[in-house]
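The sequence and the structure are shown first.

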Amino acid sequence: MAGGAEIKAPSPNVNGKAEFLKGNFEPTAIEVEPLPPVVLENGVEKPSQKRRNIVLGRNVHSTCLTITEPEVNDEVTGDKEAQMAGVLARYRKNLMERTKYHLGYPYNLDFDYGALAQLQHFSINNLGDPFIESNYGVHSRQFEVGVLDWFARLWEIEKDEYWGYITNCGTEGNLHGILVGREVFPDGILYASRESHYSVFKAARMYRMECVKVDTLVSGEIDCSDLRPKLLANKDKPAILNVNIGTTVKGAVDDLDVVIQTLEECGFSHDRFYIHCDGALFGLMMPFVKRAPKVSFKKPIGSVSVSGHKFVGCPMPCGVQITRMEHINVLSSNVEYLASRDATIMGSRNGHAPLFLWYTLNRKGYKGFQKDVQKCLRNAHYLKDRLHEAGISAMLNELSSTVVFERPRDEEFVRRWQLACEGNIAHVVVMPNVTIEKLDFFLNELVEKRSTWYQGNVQPPCIAAEIGKANCVCALHK
């Protein structure tokens, strides 16, 4: 670190008190928590009844970068600036290293926004309604509306029939879509598959909505044979449905047409149900996949949300939420302080995010995204086939780039590759920045590690219950 500067950070090794860490301090290092022992039954790994607890509080991280007051002579010596420059340089190096081993989460890291650096000196805030200018003049509404119009065309709704805004993340899109449904039907019941994103159930708790969880098929898609009796049991109340355009773990796509048909067959007219489509990742991929069920406002849906930092690729979390204009009046209210109206979840909204989205949508266009989608699907099939060839259980849904496979036994391996895990399975999300070379590197390391995990009587786990017998290559289903 420049100038041999010291950083005061808490260390758990000195009677719980903070000590000074010297020059080899890694500001992003975290303490590795002890892992539960692997439970074996007849030589076969069994899921532990007690999962590793996620502990909240200050004991999660072993280090923090303490903020200290400048010394009197700092302006003359420059020691403070040198110290901070050293911390940031180390942090950048750490980010570069961790980015190389990023496979488990759906973020497109293939972007270059150098052209927008000139705008980072401005406090751009799109507070209030995107379509009504407020008294605050440093905004990017013209870019935001351009992005919204692009998505409106994609999802087939006319400019004068939709309302929407650029959110701070995909979760906010779900919170808003479900809130609109609740406001349209205050006594409605929320239905969502068990494999829906956790934000859907967060919304139910926040809005104190009755929520019915629906079973899923082994693919992760909503099971309409389970949805049907649950709808019939509540025919006296309107239905608010969350439809997944790509589930979090398995990348499964709920069949929107079958969901609508099930509602109609259960006696729900179009004025007695509201459908929110959670398209966090695949909402932008589906329009470019042949034979994929179409997500369109020409169908009786109420809203669609998508993340901007996932398939598009953006350096900060953001998203897009679009609903029908006829629904938004139930939420919108005048705000004299802003000289505008507001129907958003948040007040202030990041005005830089629309710039990043507008820039990429202009550079790539529909054809560019179609090319990216084809690449992702092709590489996902390559990964799934290679896993099977190596004798590793794996599944890939037809419309997905999420490859599900057996959970690695070594949690250090999981952390290294930043894999997302649930129970006995893990997944890799193949994004535009994931190359064949990167997949080969991952596969070779996985196969090498796996040869040390499973020796003698220790056999790979059976995950047929999670991915289906046809995809499981354990000793029983090989």
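The protein chain exposes about 23,800 Å², and carbon and sulfur atoms supply 52% of that area. The model is predicted. Of the 478 residues in the protein chain, 51% count as buried. Its secondary structure consists of 13 helices and 17 strands. When contacts between residues at least 6 apart in sequence are taken, 70% of them join residues at least 24 apart.

| Residue | Relative accessibility | Class |
|---|---|---|
| E158 | 52% | exposed |
| L217 | 38% | partly exposed |

E158 sits in the loop that runs between helix 3 (141–154) and strand 5 (162–167). Its relative accessibility of 52% is over the 50% cut-off, so E158 is classed as exposed. E158 also belongs to a negative surface patch, together with D160, E161 and E326.

L217 is found in another part of the chain, in the loop between strand 7 (211–214) and helix 6 (224–232). Because its relative accessibility is 38%, between the 20% and 50% cut-offs, L217 counts as partly exposed. Which residues does L217 contact, leaving aside its neighbours within four places in sequence? They are E195, I222 and D223. A further pairing concerns E466, which is 249 residues from L217 along the chain; the C-alpha atoms of L217 and E466 are separated by 9.7 Å.

Terms used:
Residues numbered from 1 in each chain as written. Predicted model: local features only at pLDDT ≥ 70, side-chain atom pairs only at ≥ 80, totals over all residues. Heavy atoms only, no water. Patch = residues over 30% accessible without salt bridge, like charges linked within 9 Å, V, L, I, M, F, W, Y side chains within 5 Å. Areas by Shrake-Rupley, 256 points an atom, 1.4 Å probe, with all protein chains shown as cover. Salt bridge = Lys/Arg side-chain N within 4 Å of Asp/Glu carboxyl O. Lys, Arg positive; Asp, Glu negative; His and termini not counted. Charge placed at Lys NZ, Arg CZ, Asp CG, Glu CD. Helix = DSSP H or I, 4+ residues; strand = E, 2+ residues; numbered from the N terminus. Buried < 20%, exposed > 50% of the residue type's maximum accessible area, 1.4 Å probe, protein only. Contact = heavy atoms within 4.5 Å.
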